[in-house]
Each structure stands twice: as structure tokens, then as C-alpha cells.
Amino acid sequence: MKPLILLFIVILLSGFDSKKEINKWIKEDISYLRNLYIDIHKNPEISLMEKETSKKLANELNKIGFDVTENFGGYGIVGIFENGDGPNILYRTDLDALPMEEKTNLPYASKVKTMDIYGSEVGTMHSCGHDMHMTVWTGTARALIEKKDQWSGTLIMIGQPAEEIGAGAMMMLNEGLYSKFPVPDLGIALHSSPTILSGKVGFGKGYIMANTESVDITVFGEGAHGAAPHMSIDPIVTASLIVMELQTIVSRNINPLDDAVITVGSFRGGTKHNIIPDEVKLQLTIRTYKDEVRNLIHKRIKEICDGIGASVGLEKSRWPKITMPDTYTPANYNDPDLVDRLIFSASNSIGNENVVMAEPQMVGEDFARYGKTKEKIPTVMYWLGTVPEDRMNKYKNGNYALPALHSPYYYPEVEKSIETGVLVNTNALIDLFNN
Ligand SMILES: [Zn+2]
Ligand SMILES: [Zn+2]
């Protein structure tokens, strides 16, 4: 055999061996990571209140030799590990949970209650899988440090607060993420998928998640006794007209080939059965991909509110007040070349059959911002399958809807999801550092 071919085979085999070694190490670390997952799941903290969660993760990185900066942009964490020459790679997890009661009946379900922004006590739950993201993030850091002789470069681990309110990435970037720390050459993140089986991962190319924005509408009226509606201009009825009319924007104004969602997620007004209030507040979420669709939606919301305000007999100064956001969470764009590299690496880690292509979705994620600064770093967010096999089988047999993210019934298959996430990420980062 020619010496060159022999050398090539030796390199290939040693690569194969080192992969096997990593897999073995990760399998042995799962019980540690499972405990961490349960701990995080049982102790959720909502956006901007992630104090203990953040400390916990900072501690995990400190233990394995990262240079950690805490409280960076709210409760953000930046962990740097310099490991010789090579690219700077950013890997981000989010930290926050949601203000909702968990209804999974799991033995480790969260019983935590928190005061929400309206001053009412609400249940608190990791129903978006951020507990899984943190566990996989920690597991990947542990595996990469354990195998640090296999890669070189600078690893930038980000623990980002306030993802659920679309604020955390901006808070960390505004605090100087790219000026006080090395500028990344590329960035990755994963998100739990409520529709992909655990053991698999999913990739999308180009736009994978939507522009998302929150719009507030205050509907004014004239209050009166509930028994004297003729003395009032009832804002509950006016707001109801607005909610119904908003349904026609997507169905009648937008090109059916374009994507858009308008959801009224909150409708608040009144204090008592027999009082017609003088104000109702609506909270909307809007999802789009194209700017022209977004602009058309803004225009139609204004026309509908003005028109209904006039039709119920309100003075022009009392027509519904619309508060459009100054900023919005931009759509997530997965860099196609980086997706190809990650698919190649994931297929080597867990097999072709466990790597699936995923459809774009109308959910939003502020991870998009890390790629939208002047540095224009390529980023990819991919889906980590988390659906337990029994749930998937029930779904396939019909008459059962898989619980979505933000559902009080959502939960991931713990060990298999952790193992798959850590395996795919560790190998992906090693490959990205080395190529
Ligand atoms: Zn979420
Ligand atoms: Zn999320």
C-alpha cells in the first residue's frame, strides 16, 4: 500500500475512534445531565427574573475552567474558553420559562408560582423547552472541555435571558457582546421541537422562523351601569367588533400565497358583572416574513380601529389607541452553507436517517439578532427532536394532537433528547473548529 493512502486511512480511523470515544463519554455523563435537567425544570424563572438559573449555569461553566462573566445584559452569562488558534464560535442557550401552570403530571413537574407583570400570582413552567436547551448546552461544554485536545479555537458560550419577551439578545448585544468579547465567526443554537421524535434533529435552510411583534390596542368607551347599556358606549362590544374584523386581514387582504398570522392573545376589561367599563386592552401578536406584508397589516389594523371607533359613535380623540412596537424580533435566517456543514456533521454523529428537513414556522426567536448586527455573522438554529416515542405513536394512530411548545402539557423525552443534543452539538462544534 502506498504510504499516502495508508496515512489517509490512519487519519480516518483515528477520527472514527475519537468520535466513538466522545460518544462513550457523553453516554457516561447523561446521569449528571439528567439531574441538572430535573433541577432546572423544577425551578423555572420567567423572563428578566432568571437570577438563580443564570447562577446555576455560570457555576457549571466555572467548574470546568471557562472564563465566565455574569449579569451581562440582565442575567446574561458569557463563558469564554480559549483553546489555541482557530475560529471564534458562539453557542447560545436561553434561560427563561413562561408564566403558566404546568399540567403534565410528571413526578418532577414544576410547582413554582411567580408574580407576573400584572401583579397576579401565576404558575411557572419550562414549556418552551429552554430547560432542555440549558442542559444540552452544559453537556456540550463539558464534552468539549473533556476532549479539548481534539479542537482549537475560542468557544463563546452565551446564556441569554428574556428570550420569551424578545428582549434578551438585544440586551446582551447592546451591553457590548461583540466589543467586550471576541467577535464570533459563526453562531449556533438549537430549539426543542414538539413535533420531531427524540433521537432526531431537524434543519431548515434560509428563513425558518418569522418576524414577530407585539401590538397593543386600548379601546375606549363610556362606562355605565350594566342595566343601562343605552347610557354607555360599551368598549367590550367595540373591542369584540375589532377582534372579529381583524380576522379578515389575513383571510381577505393578504395574498393567499404569503404567510401571516394575527392573534389576539389577551382581551382585558371590566371589574364586575354589572358595570360597563370605559376601557378594554387588547394584546396582539403578528407574524410575517415579508416587510410589505407587515406594512399592510399595520395599515389595516389602523383602518379597522378608526372605522369601528367612528361607527360606535366615539369622538375622534377617543378612537382606539394603537401602540405599534419600535422594534420587532426579526425572522431567523439559517445560513445555507453552515446548514450543509451541520447536516454533514449530524449525519456522521447520529446517522442520516435521524437528520430530517424541517418546514419553516411562524414562531419567532430572538437568536436571529446575533446574525443581524453589522458583523453579519452566519448563524443556524436547528431543531432538537424531543417527542417521546409513546406520544408519537399515539399521534400517528390518530385522535391525538402532540402538545405544542407553550402548552401546559408539553414535555420532552429527557435522556434521549439530552444525549442526541449533546452528541450532535459536540461533534458539530469539533468539526466547525477543525474545518
Ligand atoms: Zn417560547
Ligand atoms: Zn423557546
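Thr-329 is buried, at 7% relative accessibility. This residue of the predicted model sits in the loop that joins strand S15 (321-323) to strand S16 (332-334). Beyond its neighbours within four places in sequence, Thr-329 is in contact with Gly-166, Ala-210, Asn-211, Thr-212, Glu-365, Asp-366 and Arg-369.

The zinc ion (ligand 2) has three kinds of named protein donor atom to list: Cys-128 (SG), His-130 (NE2) and His-191 (NE2), at 2.1 to 2.4 Å. Along the sequence these donor residues follow the spacing C-x1-H-x60-H. Cys-128 also bridges to the zinc ion (ligand 1), and the two ions lie 3.2 Å apart. Both Cys-128 and His-130 count as buried because their relative accessible areas fall under 20%.

The table lists the accessibility values.

| Residue | Relative accessibility | Class |
|---|---|---|
| Cys-128 | 6% | buried |
| His-130 | 0% | buried |
| Thr-329 | 7% | buried |

Nonpolar side chains tend to be buried together in soluble globular proteins. Here the largest nonpolar core holds 60 residues, and Phe-66, Leu-155, Val-201 and Phe-203 touch the most other members. Helix H10 (residues 414-434) supplies the largest share of this core, 10 residues. Apart from this core lies another, of 28 residues, including Phe-72, Met-172, Met-209 and Leu-405.

Phe-66, a member of the largest core, touches Leu-61, Gly-79, Ile-80, Phe-81, Ala-141, Ile-145, Leu-155 and Met-157, leaving out residues up to four places away in sequence.

Conventions. Residues are numbered from 1 along each chain as its sequence is written. Chains are lettered from A and ligands numbered from 1 in the order in which they are written. This is a predicted model: local features need pLDDT of at least 70, side-chain atom pairs count only at pLDDT 80 or more; totals for chains, interfaces and linings use all residues. Side-chain values use heavy atoms; hydrogens and water are left out. Donors are N, O and S atoms within 2.8 Å of the metal (3.2 Å for Na, K and Ca); water is not among the atoms, so sites may look incomplete. Buried means under 20% relative accessible area, exposed over 50%, partly exposed in between (1.4 Å probe, protein chains only). Helices (H or I, at least four residues) and strands (E, at least two) are DSSP runs, numbered from the N terminus. Contact means heavy atoms within 4.5 Å. A nonpolar core is a set of buried Ala, Val, Leu, Ile, Met, Phe, Trp, Tyr and Cys residues joined through side-chain atoms within 4.5 Å.
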